[in-house]
Amino acid sequence: MDLKKGKLVWTRQGRETGEPASDRPIMFDEVSIGGDTVAAGGISGGAAWSTDGKPLWMPDSDTDCSDKGYVGDGAKLVAVRECGESGSPRLEVQTVDPRTRAVKSSYTVTPGIKYAHVVSTDPLVIGVNAGDSSGSGVSDFLAVDDSAKEGKLLSTFGMGGGKYQADCDATNVGGCSEIVVDKAAHALYLATDYRAGTASGPSNEIVAIDLRTGKVTAKADGAEGGPLVPVRLDEDGSLIAYQEATLSQGGAVWRVDTTSYEKKKLMQNPEETAFVESVALHRELVYAGGRLYIGNTSASKPSTDSGKKSPLALVLGAK
């Protein structure tokens, strides 16, 4: 899709190779772009095309391994590959050549873990679910050095059974949110659990975890009235965070200085958006160019159960 012109450039269909190969179209669950390669993955395996539509690779029925999904960023492309029986799979997280799929580095995940999420490609940070019960889809984060053929584990950080907040789809390789990785600072930023029922004072904290040690090295107090969640790094290296809306108060956008950990409010959303922000949108957050974009992660038929409109997206900007 040409986003500037709003026009479809090309569409492609994946089909299995090898013997015996099926002529049935392959269903993909995730699509990502890395190094000018469009890579798609799912339960049927992974496939890739160049950005001009030329096929690069397809799922191979001759092997007992398949790519479950990919995450790309800039020149890097990382694949999560599953081998063996579906009931007891072996997962490998591979940094691959985006044009040939040649493996540059591979890290084998601890046996028994069925799903792995790529949180960041550079530095390589993986999220795994080793018995998480909080519903976040991730129990531990792993920082991996992928500079050599065999990936090396640098550190791990546990979510403490819900002590910290993050959101990863249960089965998808990409799409984790409420997590920010800072390459320059070797840091991972997470929010602590919400302090439900707090009458005044910060509702939570944002912590910085050193990717080299897996230790919490700094904390920033949240904001009164609603918890903060990390969204992205700003151009100057500071952390952009979103303050959750309540039923009576719109959300807000804050900048957190990652040196002093002091924060400054950039935007306060109006009261009339409170319902949409807090209830109506199962959201995806993007902050860019001084505007906050809040969108639904899926589209469905409008519901009038609440008597209020439920939009697909909301765009807010500071006055």
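Colleague: Why is Cys 168 counted as buried?
Modeller: The relative accessibility of Cys 168 is 3%. Buried means under 20% relative accessible area, exposed over 50%, and partly exposed in between, with a 1.4 Å probe and protein chains only. Since 3% is under 20%, Cys 168 counts as buried.

Colleague: What kind of model is this, and how are residues numbered?
Modeller: This is a predicted model, in which local features need pLDDT of at least 70, side-chain atom pairs count only at pLDDT 80 or more, and totals for chains, interfaces and linings use all residues. Residues are numbered from 1 along each chain as its sequence is written, and side-chain values use heavy atoms, with hydrogens and water left out.

Colleague: What is the confidence of the protein chain?
Modeller: pLDDT is the predictor's confidence in each residue, from 0 to 100. The mean for the protein chain is 88, and 88% of its residues reach 70 or more. Among the elements, H1 has the lowest mean pLDDT, 80, and strand E8 (residues 103-108) has the highest, 98. Where pLDDT is low, the predicted coordinates should not be read in detail.

Colleague: What makes the link of Cys 168 and Cys 176 a disulfide?
Modeller: The S to S distance between Cys 168 and Cys 176 is 2.1 Å. A disulfide is a pair of cysteine sulfur atoms within 2.5 Å, so this pair qualifies. The link is right-handed, with 115° about the S-S bond.

Colleague: How many disulfides are there by this rule?
Modeller: The count comes to 2 disulfides. Cys 65 is also joined to Cys 83, with S to S at 2.0 Å. This pair links distant parts of the chain: Cys 65 lies in strand E5 (residues 65-73) and Cys 83 in strand E6 (residues 76-83), 18 residues apart. Numbered in sequence order, the bonded cysteines pair as 1-2, 3-4.

Colleague: Are Cys 65 and Cys 83 buried or exposed?
Modeller: Cys 65 has 14% relative accessibility and counts as buried. Cys 83 has a relative accessible area of 3% and is buried too. In the protein chain of 319 residues, buried residues make up 46%.

Colleague: How many helices and strands does the protein chain have?
Modeller: The secondary structure comes to 1 helix and 24 strands. Helices (H or I, at least four residues) and strands (E, at least two) are DSSP runs, numbered from the N terminus. Helix H1 covers residues 274-280, and Glu 277 sits in it.

Colleague: Why is Glu 277 counted as buried?
Modeller: Its relative accessibility is 3%, and Glu 277 therefore falls in the buried class.

Colleague: Which residues does Glu 277 contact?
Modeller: Contact means heavy atoms within 4.5 Å. Leaving aside neighbours within four places in sequence, Glu 277 is in contact with Tyr 242, Ala 245, Gly 250, Gly 251, Asn 269, Ile 294 and Leu 314. The side chain of Glu 277 also reaches the backbone nitrogen of Gly 251 at 3.1 Å.

Colleague: What is the order of strands in the sheet that includes E11?
Modeller: This open sheet of 4 strands has the order E9-E10-E11-E12, with antiparallel pairing. Strand E9 (116-121) and strand E12 (152-158) are at the edges, because each has a single partner strand and one side of each is left without a neighbour in the sheet.

Colleague: How do you know that E11 and E12 pair?
Modeller: Two strands pair if DSSP finds at least two bridges between them. Strand E11 (residues 140-145) is joined to E12 by 6 bridges, so the pair meets that rule. Ala 143 has Ser 155 of E12 as its bridge partner, and Asp 140 stands opposite Gly 158 in E12. E11 and E12 form a hairpin with 6 residues between them. Strand E10 (residues 124-128) is joined to E11 by 5 bridges, also antiparallel, and Val 125 stands opposite Ala 143 in E11.

Methods:
A polar contact is a pair of N or O atoms within 3.5 Å; within protein, one must be able to donate a hydrogen and the other to accept it, and residues adjacent in sequence count only if both atoms are side-chain atoms.
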